[in-house]
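Please look at the sequence and the coordinates before reading on.

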Amino acid sequence: MSLEKVIFGFFVLLAATLNFGFFIGDIDDPVLHNEYELFAAVVVNLIATVLKFGDRTQIGAVHLATSLVADLQLIAATLAWVYATQISSAGMTPEATASVVSLSGGALLANLVSVSLLVIETTTFHRR
């Protein structure tokens, strides 16, 4: 068993599950979407992205692309959250919450593609 592959798989799956945990719930109810979970999703996604650098295969390139998409979506969601809570006088309205959750949903889709690639890559691996 390769420790490097275990760590890689761990962060890919953790990124997806944290993102899912933030995403789940009524799209416009800010009480159901924890800002710390969003922050954790951003941090773990960034770590997963760093781990994907260096793989020179085609599937590695797609892994990196999915991770970059998830990072951009989650960073945009975080910026929308910060704007709504710290800058806007309206606060975290249902509309602002829906925007944040929708952006995290896009990141979740990218994370699910990454997990699917990981599963496909793992099942097609042949020992030599």
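Against which helices do the buried residues of helix 1 pack? They pack against helix 2 (35-52), helix 3 (58-87) and helix 4 (94-123). The model is a predicted one, in which local features need pLDDT of at least 70 and side-chain atom pairs count only at pLDDT 80 or more, while totals for chains, interfaces and linings use all residues. Residues are numbered from 1 along each chain as its sequence is written, and side-chain values use heavy atoms, with hydrogens and water left out.

**Overall fold**

The secondary structure comes to four helices and zero strands, in the order α-α-α-α along the sequence. Helices (H or I, at least four residues) and strands (E, at least two) are DSSP runs, numbered from the N terminus. The C-alpha trace spans about 60 × 25 × 20 Å along its principal axes. Of the 128 residues, 35% count as buried; buried means under 20% relative accessible area, exposed over 50%, and partly exposed in between, with a 1.4 Å probe and protein chains only. Among contacts (heavy atoms within 4.5 Å) between residues at least 6 apart in sequence, 71% join residues at least 24 apart.

**Helix 1 and helix 3**

Helix 1 covers residues 3-23; its 21 residues reach 30 Å from the first C-alpha to the last, close to the 30 Å expected at 1.5 Å a residue. The expected span is 1.5 Å times one less than the number of residues. Helix 3 has 30 residues and reaches 42 Å between its end C-alpha atoms, close to the expected 44 Å.

The buried residues of helix 1 are F8, G9, F11, V12, A15, A16, L18, N19 and F22. In helix 3, the buried positions are G60, H63, L64, T66, S67, A70, D71, L74, A77, W81 and A84, and what covers them includes helix 1, helix 2 and helix 4. An α-helix has 3.6 residues a turn, so residues three or four places apart point the same way. After helix 1 comes G25, with a positive phi near 120°.

**Helix pairs**

Axes are lines fitted to C-alpha atoms, for helices over the stretch in contact, and angles run from 0 to 180 degrees between N-to-C directions.

| Pair | Axis distance | Crossing angle |
|---|---|---|
| Helix 1 and helix 2 | within 8 Å | roughly 155° |
| Helix 2 and helix 3 | within 9 Å | roughly 155° |
| Helix 3 and helix 4 | 8 Å | about 165° |

Angles under 35 degrees count as roughly parallel, over 145 as roughly antiparallel, 65 to 115 as roughly perpendicular and the rest as oblique. Helix 1 and helix 2 are therefore roughly antiparallel to each other. Helix 1 passes helix 2 in a left-handed crossing; a crossing is left-handed if the near helix is turned anticlockwise from the far one by less than a right angle, and right-handed if clockwise. On the helix 1 side, the contact includes I7, F8, F11 and V12, and on the helix 2 side it includes E37, L38, A40 and A41. By class, this contact has 15 nonpolar, three polar and two charged residues. Ala, Val, Leu, Ile, Met, Phe, Trp, Tyr, Cys and Pro count as nonpolar, Asp, Glu, Lys and Arg as charged, and the others, Gly among them, as polar.

Helix 2 and helix 3 are also roughly antiparallel, with a left-handed crossing. Among the residues that meet here are N45, L46 and A48 in helix 2 and A70, D71 and L74 in helix 3. The residues of this contact divide into twelve nonpolar, six polar and three charged.

Helix 3 and helix 4 are roughly antiparallel to each other, and helix 3 passes helix 4 in a left-handed crossing. Their contact has 18 nonpolar, seven polar and one charged residues.

**Individual residues**

N111 lies in helix 4 and is buried, with a relative accessible area of 5%. Not counting residues up to four places away in sequence, N111 touches A15, A16, N19, N45 and A70. Of these, A15, A16 and N19 are among the buried residues of helix 1, and A70 is among those of helix 3.

S99, found in helix 4, is partly exposed at a relative accessible area of 39%. The C-alpha atoms of S99 and G60, 39 residues apart along the chain, are separated by 30 Å. V69, in helix 3, counts as partly exposed at 40% relative accessibility. V69 and L108 are 39 residues apart in sequence and 9.8 Å apart in space, C-alpha to C-alpha.
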